[in-house]
Amino acid sequence: MTSHERVRVKGIQIHRPVIYGNTAVLLTPEQRKLLTSPDHTHRWTVAVRSAASSDKSDQVGGADDITHFIKRVSFKLHETYPNPLRNVEKAPFEVTETGWGEFEIQIKITFVQEAGERTITLYHHLKLHPWTATGPDLVEAPPPDEAAKAGPVHSWQYDEVVFTDPYQNFLNTLTLHPPTSLPRTRRKPVPFHLSNNTLTALEASKGGTPEFNKEMEMEERARLERARQQVLAEREKILASNAKKERELEQLKKDLGD
Amino acid sequence: MAGASAADIRGILSLPENAAPGPSQMRKPPTKKPEGIPRELYALIGPSAPTMIAQPAKPRFKQKPNLGGGGSVRWEERPFKNPARTDGLVLKHWVKASVDPNEDYPFVKYNVKGPIYNYTSEEYVRLLEDSSWTKEETDYLFSLVKEFDSRFYVVSDRYDFPGGRPRSMEWHCQDLKDRYYSVCRKLVRSRPWSGDDASKAQLLSSLQFDKDREVTRKKYLDSLENRTPEETAEEEALYIELKRLEQTERRFKLEREELLRTLLGVESGLPGLPFEEEGPLGDPRKRKRIMEHDSATPPSASTPIQPRRVLPQMPQQSASSAQYDQLHCIFRPDPRMIVPSKSAHNIAYLRSGKMPYPKQSVAAKVTQVLTELDVQQTRLVMPTRENLLAYESLIEAATQLVEAKKVSDRLDQDIRVAKQRLGLRESAGETQERGEGSTQETVPMEQDEEDGGGQDGQRAGSVASSRSVKSRRTSQRRSLSVSSVDTMGAGRAQKRQKLS
């Protein structure tokens, strides 16, 4: 490694889209009998993957290899699991377990040596039970037999790992592996997210393995923009009424003779 | 303080002592103090110095060797025969008389002849044919090698084969060696070998000769020897310069590293210390960018080298480089927008970790506004750069809204106070009811201030308040339903603390 390669390329930010989260399947009574702990009701997989989904496999994300910038992912499971700290040093960065309860999983991502970056920590709430829209359109959680029919539960968070002023050699490595861009339009169900917990979104997430797409980003931006317009309109109204009130107040003060 | 004498100490310890008590001993001339012991110390320990003190005795030298000093050696001039000679010449030399006169000449053992290789004509025809050598010339070469005992410089000097092709003078010697050794190798290989394979291989390797390599080696040596003094001096100067530069760079690096460590600690992003210069030479990519920029704009407008205070113009991105950046998810922030941070390097982060937050003073009310709009404050579905910007402007707008509301609330209060005062002033001539009404109003007014205007009746017509009813309804529901929202929020709060 020459000293030239250890120069930081100033003034740029380079990011890699990743997703983290879990997929959970309800076990049948027969499957449960085979387990060492038959009280476990679900089999789940928690993972860190590239955001784009591959056409070849039926999983959320994971189209690209991410080992060129991620060296290790540590998953800290609930203490009741044997050996709760699971270090995964090679792709795929995932842990599959069975269980009966939801809990918070601490995920630590360690980058490759040449990145010269510190470990980052994130949290994922393990999701086993089907989503319910908690927004304005309340939907009650379906009974277990119906939940089994609905298929696996997916809970995934899109995120972007941002490297600022990367080292030249690390930048070279990154540009050697451009990420697959997300599909422009919806091809598969849309991953459900609590920040968009409408009935429509819930319906859109049903019917198979979801996939992240660009439309989701556009949709969210539009939603934020709509909210902003609403806020601005409200503000305009208040400002107008404030003006009226000021005039009223002035009138009153005049009346008081101040 | 006077030092106590050895006798005093002996007296105190009531040691039996040959000498008389102190004063008398003082008078007696003390035994001579040995060299190398301080006077005070000697006064304490007395003449019976412990053995630990080095006794400066007369140094004992090694005994002088007896170089036959006693009697002188007799030398004799004797005749001797050198068995290496064939002519039986007798010469004389001086030897010690003690040497046995019948002993062989001692230098015979150094007269060793290398193995001489000979070949028959049949062998020559079968193995040793070479287009550039005749048998006669090869024979001549072998005879010379034999005569001069493989001293090839002599051989090449004396070499005078009549009718031999003119050989280049320079590499004559190498040519001869090449021919001789190649013949020898072939002979060794073809002849039956009595010893083991290892010794044969060893012999073959000793006969190895690579003419080309030898020629190259000699050429190198020649060029090395033929350097002019100026060239040598220049080479030396360059070498010293290189060493000096290396040293300077190393020192500079160390100092910089030290400084960064001291100032920033872990935040400095060490190790793998970046070594870079400011300015247009720093980054080849940037330099190229600036050059592109140069060609695109008139030279007067371009500003690749500028005083640092002046903001450089943002280079226009070409379409292809924008495409490249998009493919590789590269973003080049406007240098004017970069807030100089204390740390040398911004560490890698998750985009979602940089969610903007409302100002502390209005945070609670902004949260309320966002909740009314069904916007989650903890996470975005797709926390991309653009979406975070959109979110940030939403927060800004909400902050402005909250501030406008605050103004509105203050105005409301002022109006009420003014009306009240007006009412009091007019109450003299007014009915009792009016007075009661105004006194009642003062109480809820104070409550309003504490409530933060959330359930303020004055805003009955507004969208926000109509939504606030709904928000209360949903928040109740959330607390009843599965706790995933709350726990996610808690996790995020934890993370926030870590990030900050």
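## A strand pair in chain A

Strand E3 (residues 70-76) and strand E6 (residues 104-111) of chain A run antiparallel and are joined by six bridges, where helices (H or I, at least four residues) and strands (E, at least two) are DSSP runs, numbered from the N terminus. This is a predicted model, in which local features need pLDDT of at least 70 and side-chain atom pairs count only at pLDDT 80 or more, while totals for chains, interfaces and linings use all residues. Residues are numbered from 1 along each chain as its sequence is written, chains are lettered from A and ligands numbered from 1 in the order in which they are written, and side-chain values use heavy atoms, with hydrogens and water left out.

Two partners can be named between these strands: A:Val73 has A:Ile109 as its bridge partner in E6(A), and A:Lys76 stands opposite A:Gln106 in E6(A).

## The sheet around it

E3(A) is also joined to E4(A) by four bridges, and these two strands run antiparallel. Here A:Val73 stands opposite A:Val88 of E4(A), whereas A:Ser74 stands opposite A:Asn87 of E4(A).

These strands belong to an open sheet of four strands in chain A, with the order E4-E3-E6-E7 and antiparallel pairing; two strands pair if DSSP finds at least two bridges between them. Strand E4 (85-88) and strand E7 (120-125) of chain A are the edge strands, each pairing on one side only. On average, neighbouring strands of this sheet are turned by 20° against each other, with direction ignored.

## Chain B and its helix H7

Chain B has 17 helices and four strands, and 29% of its 500 residues count as buried. Among its contacts (heavy atoms within 4.5 Å) between residues at least 6 apart in sequence, 53% join residues at least 24 apart.

Helix H7 (residues 172-190) and helix H9 (residues 211-225) of chain B pack at an angle of about 155°, with their axes 10 Å apart; axes are lines fitted to C-alpha atoms, for helices over the stretch in contact, and angles run from 0 to 180 degrees between N-to-C directions. This angle makes H7(B) roughly antiparallel to H9(B), a term for angles over 145 degrees. The contact is made by B:Gln174, B:Asp175 and B:Asp178 of H7(B) together with B:Lys211, B:Glu214, B:Val215 and B:Lys218 of H9(B), and these residues divide into one nonpolar, one polar and five charged.

## H7 and its contact with H8

H7(B) also packs with helix H8 (residues 197-206) of chain B, at an angle of about 165° and with their axes 9 Å apart, and the two are therefore roughly antiparallel to each other. In this contact, B:Arg185, B:Val188 and B:Arg189 of H7(B) meet B:Lys200, B:Leu203 and B:Leu204 of H8(B). These residues divide into three nonpolar, no polar and three charged, where Ala, Val, Leu, Ile, Met, Phe, Trp, Tyr, Cys and Pro count as nonpolar, Asp, Glu, Lys and Arg as charged, and the others, Gly among them, as polar.

Technical notes:
Parallel < 35°, antiparallel > 145°, perpendicular 65-115°, else oblique. Buried < 20%, exposed > 50% of the residue type's maximum accessible area, 1.4 Å probe, protein only.
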